[in-house]
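Subject: Structure handover

Hi,

Here is the structure for your files. My notes on helix packing and cores follow below it.

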Amino acid sequence: MSGSRPVRAARGTELSALGWQQEAALRMLQNNLDPEVAEHPDQLVVYGGTGKAARDWRSYDAMVRTLRTLKQDETMLVQSGRPVGVLQTHEWAPRVLLANSNLVGDWANWEEFRRLEALGLTMYGQMTAGSWIYIGTQGILQGTYETFAAVAAKKFGGTLAGTITLTAGLGGMGGAQPLAVTMNDGVAICIDCDPRAIDRRIEHRYLDVKAGNLAHALQLATEARDARRPLSIGLLGNAAELLPRMLAEGAPIDIVTDQTSAHDPLAYLPLGVDFDDMAAYATEKPADFTLRARESMARHVEAMVGFMDAGAEVFDYGNSIRGEAQLAGYERAFAFPGFVPAYIRPLFSEGKGPFRWAALSGEASDIHKTDKAILELFPENESLHRWIKLAGERVHFQGLPARICWLGYGERDKAGERFNDMVASGELAAPVVIGRDHLDAGSVASPYRETESMLDGSDAIADWPLLNAMVNVASGASWVSIHHGGGVGMGRSLHAGQVTVADGTKLAGEKIRRVLTNDPGMGVIRHVDAGYDIAERVAEERGVRVPMREG
Ligand code: NAD
């Protein structure tokens, strides 16, 4: 066995691989499994229900071993978390190519996936779990912060001060919600059925307090709301039970959303089941569990629709809960919109999305220096400045220090090249990896989320993420991935990711310029093709060539 447990990535400048590209992939694989980062590292689960970084420990050990001996002109192939081959390529090619959880259309459902998983043939890669660029809850924090800022702008005069948001799910992604709400000056009540999820968010300062019961939560919330004081409150319980109760009692809720792991019915606690019995029940009787989870989601979504009818701002937060509730026969499941068409699409049209980076040195000071560089590069962007300042003050690093901020076409390449120069000059203590979520402008087809209600009806066209992956391979990314089922579950999405290493070399600078121009460029192209005016304007102003607009 080559790996030791628990897993933690090396820090500093000493290499255990033959070059920084390979070393970076190795450290990021290990960082995904760091107990500070992963939700259930012993099971190789990083986040998002059962999103894994490696299929099993044997595969993990084989990947570690292979990355340590991989040459500068070789590429390791990973099929759903297992290394299946090493091929000779060339130095511009990615060092790792990954395909996770992909199934042929007619077979693309959870039942078949679970059958194949039980045979040891596949794993669920989620988005950044199986592609080794998960950076803990911060990864989703800025997107969540931007979404709540957009809600505030749309409905509450630009601030959430004096409002109460009700949500559930304090897991790897959902844990960002309380901090995103309080960063927008609002009050949040966040339900989770797992006491550890609540305690963890309090420990990491994402969540402020824990309420003893529902009445206590409402009392704390209304007091803070009336004082226009930001406060986030954790509440232990089952959302499918608590939401209908709160609706019936007329709880004064202004905004409702949800981030339980609804995309995977085996990770959603059904009504009437004790949390302590959940895991065994899901393993022993998956079909029965799924049925009950879906029925519970229908009650949960019915209450969300009830709050909407009562005047609250309600949106689906990308976990497929509407689709699951509909499967259980609830007819008004899609009465409220998904967050992308409601708030995010204009950003995607500019190629804007979750740009992120991690310091392989392990030193927080490297991230503080890159924060400063971002502020200098984009002096006119006020919301970016507000975010970087708040993140510097409030974000607790998990694993290797990292940062995220949303940047668009023409911005990401500037930031990436600057970081590479900072590595070259020695200003940063070691190289930096630059990647992104698969939830991005041009990298995903997901009709319940990123591509819901596209202007031209192209929601389910999945050519785009495949083109995106090929573009990143052709542009020089260090590792590139194609996944299925991330975010919203089996059969509902295809998406691609890329990570590129800024190791301070001239070659890395060339690769970064191409990858970080072309990758967000796919977002602009995708939205021009679908008929979005903003994307047309960006293409025109920033020189993105789209053949159908020429001649
Ligand atoms: P996770 O598995 O880490 O956490 C889910 C949490 O929900 C757990 O803490 C669990 O205890 C809780 N939960 C499950 N059933 C519950 C119930 N009935 N009542 C109360 N709590 C319950 O998952 P995650 O990584 O936080 O992701 C959550 C969801 O958000 C997923 O469906 C994911 O695909 C989706 N997601 C959304 C975005 C986005 O941008 N909006 C991004 C990534 C993921």
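Start with Arg 245, which lies in helix α8 (residues 239–248). Helices here are DSSP runs of H or I, at least four residues long, numbered from the N terminus. This is a predicted model: local features need pLDDT of at least 70, side-chain atom pairs count only at pLDDT 80 or more, and totals for chains, interfaces and linings use all residues. Residues are numbered from 1 along each chain as its sequence is written.

Is Arg 245 buried or exposed? Arg 245 is exposed, because 12 other C-beta atoms lie within 10 Å. The cut-offs: buried means 20 or more other C-beta atoms within 10 Å, exposed means 12 or fewer, and partly exposed is in between, with C-beta atoms placed from the backbone. Arg 245 and Ala 303 sit 58 residues apart in sequence, yet 8.6 Å apart in space, C-alpha to C-alpha.

Next, α8 against α10. Their axes come within 8 Å and cross at roughly 30 degrees. That makes the two helices, α8 and α10, roughly parallel (angles under 35 degrees; over 145 is roughly antiparallel, 65 to 115 roughly perpendicular, the rest oblique). Axes are lines fitted to C-alpha atoms over the stretch in contact, and angles run from 0 to 180 degrees between N-to-C directions. On the α8 side, the residues that meet α10 are Ala 239, Ala 240, Leu 243, Pro 244 and Leu 247. Their partners in α10 include Met 297, Ala 303 and Phe 307. Contact means C-beta atoms, placed from the backbone, within 7 Å.

Then α1 (residues 20–32) and α2 (residues 57–69). Their axes come within 8 Å and cross at roughly 160 degrees. α1 and α2 are therefore roughly antiparallel. Gln 22, Ala 25, Leu 26 and Leu 29 in α1 meet Met 63, Val 64, Leu 67 and Arg 68 in α2.

Now the cores. A nonpolar core is a set of buried Ala, Val, Leu, Ile, Met, Phe, Trp, Tyr and Cys residues joined through C-beta atoms within 7 Å. The largest has 155 residues, and Ile 233, Met 297, Val 432 and Val 433 have the most contacts inside it. Helix α10 (residues 286–309) gives the largest share of this core, nine residues. Apart from it lies another core, of eleven residues, including Tyr 409 and Tyr 532. Leaving aside neighbours within four places in sequence, Val 432 is in contact with residues including Trp 357, Leu 360, Phe 419 and Ala 502.

Best wishes

Note on methods:
Contact = placed C-beta atoms within 7 Å.
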